[in-house]
Amino acid sequence: MKKKMGKFTEDDLKKELETKEYEYGFYTDIESETFPIGLNEGVVRAISKKKEEPEWMTEWRLEAFKHWKEMVEPEWANVHYEKPDFQAISYYSAPSTKPKYDSLDEVDPELLDTFKRLGISLDEQKKLAGVAVDIVMDSVSVATTFKKTLGEKGIIFCPISEAIKEHPELVKKYIGSVVPQRDNFYAALNSAVFSDGSFCYIPKGVRCPMELSTYFRINQAGTGQFERTLVIADEGSYVSYLEGCTAPSRDENQLHAAVVELIALDNAEIKYSTVQNWYPGGKDGKGGVFNFVTKRGICEKNAKISWTQVETGSAVTWKYPSCILKGDNSIGEFYSIAVTNNFQQADTGTKMIHLGKNTRSTIISKGVSAGQSQNSYRGLVKISPNADNARNFSQCDSLLMGNNCGAHTFPYIEAKNKTAQIEHEATTSKIGEDQIFYCNQRGINTEKAIALIVNGFSKEVLNKLPMEFAVEAQKLLEISLEGSVG
Amino acid sequence: MLQIKNLHASVEDKDILKGINLNVNAGEVHAIMGPNGSGKSTLASVISGKEEFEITRGALSFEGEDISEMDPEERAHKGVFLSFQYPVEIPGVSVTNFIKTAINENRKAKGQDDMPAAEMLKLIKEKADLLEIDRKFLSRSLNEGFSGGEKKRNEIFQMAMLEPRLAILDETDSGLDIDALKIVANGVNKLKSNDNAVILITHYQRLLDYIVPDFVHVLMDGKIVKSGTKELAYELEEKGYDWIKEELV
Ligand SMILES: Nc1ncnc2c1ncn2[C@@H]1O[C@H](COP(=O)(O)OP(=O)(O)OP(=O)(O)O)[C@@H](O)[C@H]1O
Ligand SMILES: [Mg+2]
């Protein structure tokens, strides 16, 4: 197993600075430790023990494991892959200690080139590639200022492992409340063995003053393959949360099964943006990450949840960020760009479950397929009998490049209330040679022309991303499609 | 500037250009007229490098350099511009964004840095004013939902922005109303100099009242069968093409 960068807190950083040991890297004192492969009750208990979890958490994990044993892997998605051998995976790996490399010179130049083109700072490049980093005063002070600002507002933002210990009442109340342990095969697996992830709580009436992203980016390495995220926006609060990174993640863990739960209480709003760029596998279709994610949010009265995602990575993606519109007048939104190239397969979409009255949902899905890839949109709009005057608008656009890829749309609609208004639009288009020639004629080369056309196609979704990431995401689309036209 | 010698070109094994000879010097305006399907747009595409057309014989050079194997973007960087007969739509890409990309790609090819934003905006304003284009228009998606005339005017706007050495205007006048035609013609005339050249492909003599050509060529069945001065255009307007065919027999 590849060694990964560990997690570190500001306190660790400070300590390191005080003792002036930072030139040796952050974690020289923690030894890397990896469990033997295989999964059984004992392993689940051991994970929980390693993390010094309270009894209730251990029990919760065990319950999930019991369900998981009874479940089978879903097969309905439009993806084909060799199923992972769940007994051949190691389910615990302590954050590794030593940097993989001493300097950037040792890192794969191709990876560095990509970093450069994405405009990622040198320090961050080092962190992402696993190079020893000097701590500069600057980044420490930024992180501490950041933490202080959040603290003053009563916002809790920490690793979920920490929240389990420090805020058990919140975690206990909400974990599994949106995605129950037995929700699906991968969610059950995640519930049993989740490694770590983030926890975020925004108190009543508080507007989180910053995108929860900078911090996350610094800390995102090392959350492991079974990530668990819980975001709670208390009544009348607002938070914008950004997960992931445009930088390519060369994680050799083949299976990633994350769970994200969002809770938006009355009048609260959560904006959750994702940029996913896991290793997609080689041009020959070998290797690459399997990404099986369960993301769901619940909206109480007048609450709003907005999912925005840019999916460019992974060999196989299986992901449906969803909204349960429980409260009256609540709003769910899903904006997605999924790009597949070479042999990638993506089956992604959303579920909008309308339970409350006057609930509204919007789905904008953009799929770009190139190479031999397969890109499917799968969406469910469900209007329950009590959801008077529910409205949904869905738009699914596919853009194809070349003749060997595929785009598929599977929209499911279940309307059990006559007052529902549901609109669905779908288009499929191809990047035409005429479009490319037109750009060429204006002096724009083919690669740039494709980027321009794809960005235009994805504009409605890119516009929903926080500014700082929209620019990176645009470049990412460009890089993901490189070499897709001969 | 442009030298075409005995140029033959085909698409899908179908011969379309069958021995074109044409010389265009800096400072000149050439008009090409001819019946539908005679190969006018094909000639424009071949000059600008559209891949599906294969040059089977003859020579094509620009500024003394053989460009027959050159990528279309390279030809563009050298100053070849084509105002398309049927401009293409690019959804979600605004006119401004498109032209900005084009300008910067051209600069990059010349080893220059991106044009500073302020300068770009100034240039856009200047050219939009020249062609009486509403600025709101520039934030719309390129050619998407544009009227026929708007598309053509937008082509000339791009030409004005890029300031090419050789501009080929393929039926730019078709679809323009009388006022728009004057505006566009006026724009083209303002941009004309002794350093650049224009090839006008048109069906109508009217355009040539506004942009006066030095030479008029008649293209028929893939060959230039007659060349003359602007008077030839009047003759064609009056008599059509049949008399030329008869002359040829
Ligand atoms: N891609 C293609 N495949 C097959 N035939 C083509 C192709 N492009 C052009 N042609 C044919 O070549 C001939 C010349 O076409 P071209 O567009 O150059 O004519 P034109 O002189 O511009 O006509 P118009 O005045 O109608 O614009 C026509 O017969 C046309 O059908
Ligand atoms: Mg034509």
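The shell around ligand 1 comprises four nonpolar, eight polar and five charged residues. The model is predicted. In total, 17 residues surround the ligand. Gly37(B), Lys40(B), Ser41(B), Thr42(B) and His203(B) are the closest of them.

For Lys40(B), an N or O atom of the side chain is 2.8 Å from a ligand oxygen. For Ser41(B), the distance from a polar side-chain atom to an oxygen atom of ligand 1 is 2.8 Å. Glu171(B) also places a polar side-chain atom 3.3 Å from a ligand oxygen. On its own, ligand 1 has 630 Å² of accessible area, and the protein covers 69% of this.

Two elements of chain B, β2 (14-24) and α1 (40-48), each give two or more residues to the shell around ligand 1. Helix α1(B) gives the most, with three residues.

A separate description concerns chain A. Helix α11 of this chain spans residues 433-441 and is mostly covered. Of its nine residues, seven are buried. After α11(A) comes Gly443(A). The phi angle of Gly443(A) is positive, near 95°.

Technical notes: Residues numbered from 1 in each chain as written. Chains lettered and ligands numbered in written order. Predicted model: local features only at pLDDT ≥ 70, side-chain atom pairs only at ≥ 80, totals over all residues. Heavy atoms only, no water. Buried < 20%, exposed > 50% of the residue type's maximum accessible area, 1.4 Å probe, protein only. Helix = DSSP H or I, 4+ residues; strand = E, 2+ residues; numbered from the N terminus. Near = heavy atom within 4 Å. Polar contact = N/O pair within 3.5 Å; in protein donor to acceptor, adjacent residues only side chain to side chain. Areas by Shrake-Rupley, 256 points an atom, 1.4 Å probe, with all protein chains shown as cover. Nonpolar A, V, L, I, M, F, W, Y, C, P; charged D, E, K, R; others polar.
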